[in-house]
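I open the notebook on this model and list what I looked up. Side-chain pairings come up throughout.

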Amino acid sequence: MKRKKFLKRNLGVLALLVFLFAWVNPANAQQSIIINLAPIDGIPLTPDNAFNYQLHVSQSTQAVISGTVKFRASGMFMSYTLNCSLKQGINSIREGASAAQWQFSSPALRQLFLSYKTLPEGTYEYCVTVTTIKGTKESQSGVFEECLYHRAEDVFLINLIDPENNAKLKEFNPVLTWVANYSFSSELNYRIRVAEIKSGQNPTTAVLRNQPFYDENNLTQNSIVYPIYAKPLVANQPYAWTVDAYYNGILLGSSEVWQFIIPDDTLRPKLPETRSYIDISRENGIDHLFI
């Protein structure tokens, strides 16, 4: 009974001694690394800020740092690896970022990110993994990882111009115009969609859910006349339209969704009367013929 009381009374002291022994002998303590991604959380990822995170290290070690960016609902990805020496305390990785070895799922994504410093539209996951290298029998290797999510949206870089939002048009084949505020806009192509807005829908829902009246890809210009081969627009029906921008097949972003309507009093232009033939022997010069 006395032995049990003695062990119970000294259990806390024993635990404290084990902790102090581990503290003063870092070689025998378990490696601990905290990856702090807060400085880049919530901002668009670029080559200039991709390494603006910190590593809190419990003891000096050699490590391999890898970063991976994966896009949801797509096979696009990019990654890098970096060998470095980590000292005890807070480590900034930005200083050695120039030595990172990058890999990309496509050459277009490489140029888009490294040259133009932008990413495709969509949600991506950015994970940073630190793998410590076991140097001695006493040191321990380990893997530490931290991830963040971000939604890339460049809605303000593609602006619709005409017809203006909520416009009332006087023609059934309007000119649709937009502009892309990218430094490499000359290398982009566009997709335009026009859809009817059904009862109870807002313009964005209409474009996403309804079958488009007009949908065309690979446009290189920044304007187009609503074509005669598209489904004809009708009077007193609200329509929504939007434009998407692509770089070598990669979606960069989409514009806002605007709407327009053609009032009832707008008349369709009447096509001139045509004839399949004319009897020259009876022609007296009164008829007007259109070819």
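Are F184 and Y247 buried or exposed? I find F184 buried, and Y247 is buried as well. I call a residue buried under 20% relative accessible area, exposed over 50% and partly exposed in between, with a 1.4 Å probe and protein chains only.

Ground rules. This is a predicted model, so I note that local features need pLDDT of at least 70 and side-chain atom pairs pLDDT 80 or more, while totals for chains, interfaces and linings use all residues. Residues are numbered from 1 along each chain as its sequence is written, and side-chain values use heavy atoms, with hydrogens and water left out.

Aromatic pairs. I searched the whole structure and got 15 aromatic pairs. Rings of Phe, Tyr and Trp (its six-membered ring) pair if their centres lie within 6.5 Å; planes under 30 degrees apart are stacked, over 60 edge-to-face, the rest tilted. I took W178 and Y190 to begin with: the ring centres are 5.7 Å apart and the planes stand at 70 degrees, so this pair is edge-to-face. W178 sits in strand 11 (residues 175-180) and Y190 in strand 12, 12 residues apart, and the pair links distant parts of the chain. Helices (H or I, at least four residues) and strands (E, at least two) are DSSP runs, numbered from the N terminus. Both W178 and Y190 are buried. I then returned to F184 and Y247, which are edge-to-face too, at 5.6 Å centre to centre with 85 degrees between the planes. F184 is in the loop between strand 11 and strand 12, Y247 is in strand 15, and 63 residues separate them. I also noted a cluster: ring pairs link F51, Y80, W102, F104 and F113.

Salt bridges. I counted three, taking a side-chain nitrogen of Lys or Arg within 4 Å of a carboxyl oxygen of Asp or Glu. K117 and D48 meet at 3.2 Å, N to O. K117 lies in the loop between helix 2 (107-115) and strand 7 (122-133), D48 in the loop between strand 1 (33-36) and strand 2 (54-57), so the bridge ties together parts 69 residues apart in sequence. Both ends came out partly exposed: K117 at 42%, D48 at 44%. D215 and R191 meet at 2.8 Å, N to O. D215 is in strand 13 (residues 214-219) and R191 in strand 12 (residues 189-196), so this bridge ties parts 24 residues apart. D215 is partly exposed, at 35%. R193 and D244 meet at 2.9 Å, N to O. R193 belongs to strand 12 and D244 to strand 15 (residues 239-247), 51 residues apart. I find both R193 and D244 buried.

Disulfide. I found one, the cut-off being a pair of cysteine sulfur atoms within 2.5 Å. C127 and C147 form this disulfide, with sulfur atoms 2.0 Å apart. The S-S torsion of C127 and C147 is about 110 degrees, so the disulfide is right-handed. C127 is in strand 7, C147 in strand 8 (residues 143-152), 20 residues apart. C127 is buried at 10%, whereas C147 is partly exposed at 28%.

Last entry, T81. I place T81 in strand 4 (residues 77-86), partly exposed at 41%. T81 touches I65, S66, A99, A100 and Q101, leaving out residues up to four places away in sequence; contact means heavy atoms within 4.5 Å. T81 and G67 are 14 residues apart in sequence and 6.6 Å apart in space, C-alpha to C-alpha.
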